[in-house]
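The following exercises ask the reader to work through a protein chain step by step. Please examine the sequence and the structure before reading each solution.

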Amino acid sequence: MRYLLFEQLFPENYLASFQEVHKAVFEGDEFKFEKLQHKQNLLAILAVDGSRVAGFKLGYEHPDGVFYSWLGGVHPDYQKQGIAATCMEMQHFWCKQQSYTRVRTYGRNEKKGMLIVNIKAGFDIVKTFVDDKGRHKIVFEKEL
């Protein structure tokens with residue numbers, strides 16, 4: 001497994017494989033790349049097996065100056081191999097190098113695997129809310 005770090009959107013040759021992971025993790029939804037337009041300090045980390053994306057972690061600077069670990073996932077064929085944790089460790093190392101002092105992420109109760117990864121990584125639950133789609137969200141933050 002290779003881990004690739006990009007300080008912008010990753011190269012086009014990974015797009016189709018990235019979409020496969022996104023669809024597998026997020027109930028068949030296709031990722032909309034326009035959501036990344038105008039994001040400050042975009043960071044993309046890909047876990048790659050040969051030419052296949054096995055997992056990913058995307059984040060960017062939130063307007064309040066905290067690094068927002070926005071989206072991540074691991075294809076079911078590769079889960080339970082530490083890929084999500086490795087991507088997170090790489091992201092946090094990069095954040096420290098960029099002088100961020102905190103990382104924030106959101107979780108959903110039905111995604112228990114990621115809740116566990118976040119807790120094991122030292123995140124604290126700082127609040128909860130219901131989003132505009134009626135989903136209960138958990139807000140995690142971690143001091144770096």
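**Exercise 1.** How many residues lie between S3 and S4 in their hairpin, and which glycine in the turn has a positive phi?

Solution. The model is a predicted one, in which local features need pLDDT of at least 70, side-chain atom pairs count only at pLDDT 80 or more, and totals for chains, interfaces and linings use all residues. Residues are numbered from 1 along each chain as its sequence is written, and side-chain values use heavy atoms, with hydrogens and water left out.

Step 1. Helices (H or I, at least four residues) and strands (E, at least two) are DSSP runs, numbered from the N terminus.

Step 2. Five residues separate S3 from S4 in the hairpin. In this turn, glycine 65 has a positive phi of about 90 degrees.

Step 3. Two strands pair if DSSP finds at least two bridges between them. Strand S4 comprises residues 67-74, and seven bridges join it to S3 in the antiparallel sense. Within this pairing, glycine 59 is opposite serine 69 of S4.

**Exercise 2.** Describe the other hairpin of S3, and state how far S3 is enclosed.

Solution. Step 1. Strand S2 (residues 40-49) runs antiparallel to S3, and eight bridges join the two. Here glycine 55 of S3 is the residue opposite alanine 47.

Step 1. The hairpin of S2 and S3 has two residues between the strands. Glycine 50, in the turn, has a positive phi of about 70 degrees.

Step 2. A residue is buried under 20% relative accessible area, exposed over 50%, and partly exposed in between (1.4 Å probe, protein chains only). Strand S3 spans residues 52-61, and eight of its 10 residues are buried, so the strand is largely enclosed by the rest of the structure.

**Exercise 3.** Which residues of helix H1 are buried, and what covers them?

Solution. Step 1. Helix H1 consists of residues 15-25. Its buried residues are Ser17, Phe18, Gln19, Val21, His22 and Val25.

Step 1. Contact means heavy atoms within 4.5 Å. The cover over the buried residues of H1 includes S2, S3 and S4.

**Exercise 4.** Describe the chain as a whole: what is its pattern of elements, and what is its radius of gyration?

Solution. Step 1. The chain contains three helices and seven strands. Along the sequence, the pattern is β-α-β-β-β-α-β-α-β-β.

Step 1. The radius of gyration of the chain is 14 Å, close to the 15 Å of the globule rule for 144 residues, so the chain is as compact as a globular protein of that length. This radius is taken over C-alpha atoms, and the globule rule is 2.2 Å times the number of residues to the power 0.38.

Step 2. The C-alpha trace spans about 40 × 35 × 30 Å along its principal axes. Of the 144 residues in the chain, 43% are buried.
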